[in-house]
Amino acid sequence: MEKNNTQQPIVNRQKFNLVAEADPSWEDYGWTREFLEDMLYIEAYEPEHEWMNDHEILNNLGIIFSEAIGVRQDMEKAIKYFTRAIALDDDLARSNLADIYRKGTGGIEKDHALAFELYRACHLPYAYYRVGEAYELGRGVAQDLEAAKENYRIAYREGHPLARKKLQVFNFLR
């Protein structure tokens, strides 16, 4: 876990749309149809466009291709765009790519060790929760309940609802 000079964990409080729909649409992400069409047009026909160097657009493209929003699911493209966004230091893309490897989405083989490393490099409250879960269950890393508790505490302090449930079940704040 990365810490700043005061030994406090680094937390990215970036806002994002949590979409839990089984079959999400562009509206679920707060996009307009025109914005979706513009992103897809630029992706297909203007690879040198400035948007193709914007971490948010690249993360959006990863979402579009992983969730099949207006296109056929294409995990190769999703991974490509998440990886490009990560190169621009986008924590949402790190988390999204980690989710693919944790779940084994779209025919991609599960890789808990890679998912753990991606979550660990990410500073979103959700990622701290997933790092805690990996330590608790020994997924992709050696089981370490103290490290699990530390990461759940950070996620809890940042208001992550699943960490709150862990707190209730395991009383991890002690």
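What share of the 174 residues in the protein is buried?

1. Ground rules. You are looking at a predicted model, where local features need pLDDT of at least 70 and side-chain atom pairs count only at pLDDT 80 or more, while totals for chains, interfaces and linings use all residues. Numbering runs from 1 along each chain as its sequence is written, and side-chain values use heavy atoms, with hydrogens and water left out.

2. The overall picture. To answer the opening question, 43% of the residues are buried (under 20% relative accessible area; exposed is over 50% and partly exposed is in between, with a 1.4 Å probe and protein chains only). The protein has 8 helices and 0 strands, so its pattern along the sequence reads α-α-α-α-α-α-α-α, given that helices (H or I, at least four residues) and strands (E, at least two) are DSSP runs, numbered from the N terminus. Of the contacts with a separation of 6 or more, 46% link residues 24 or more positions apart, a contact being heavy atoms within 4.5 Å.

3. Helix α3. Have a look at residues 75-87: these 13 residues form α3, which reaches 18 Å from first C-alpha to last, close to the 18 Å expected at 1.5 Å a residue (the expected span is 1.5 Å times one less than the number of residues). Its buried residues are Met75, Ala78, Ile79, Tyr81, Phe82, Ala85 and Ile86. They sit on the same side of α3 because they cover an arc of only 170 degrees around the axis, taken from the directions from the helix axis to the C-beta atoms. This buried set packs against α1 (33-45), α2 (55-67), α4 (91-103) and α5. On the face turned away from the buried side, you'll find the exposed residues Glu76 and Ala87.

4. Most residues other than glycine have a negative phi. Ala68, though not a glycine, has a positive phi of about 55 degrees. Ala68 belongs to the loop between α2 and α3 and is partly exposed, at 29% relative accessible area. Leaving aside residues up to four places away in sequence, Ala68 touches Ile63 and Gln73. From the C-alpha of Ala68 to that of Ala78, 10 residues apart along the chain, the separation is 9.7 Å. Asp89 also has a positive phi, near 70 degrees; Asp89 is in the loop between α3 and α4 and is exposed, with a relative accessible area of 56%.

5. The cavity. A cavity here is a set of points on a 1 Å grid over the protein atoms alone where a 1.4 Å probe fits but cannot get out, and lining residues have an atom within 4 Å of a point; grid points are joined across faces, edges and corners, and the volume is the space filled by probe spheres set on the points.

6. What lines it. The lining of the largest cavity consists of Arg102, His112, Ala115, Phe116, Tyr119, Arg130, Glu133, Ala134 and Arg139. Both α5 (112-121) and α6 (125-137) supply at least two lining residues, with α5 giving the most, 4 residues. By class, the lining has 4 nonpolar, 1 polar and 4 charged residues (Ala, Val, Leu, Ile, Met, Phe, Trp, Tyr, Cys and Pro count as nonpolar, Asp, Glu, Lys and Arg as charged, and the others, Gly among them, as polar).

Terms used: On a 1 Å grid over the protein atoms alone, a cavity is a set of points where a 1.4 Å probe fits but cannot get out, and a pocket is an open set with protein on both sides within 12 Å along at least five of seven lines; lining residues have an atom within 4 Å of a point.
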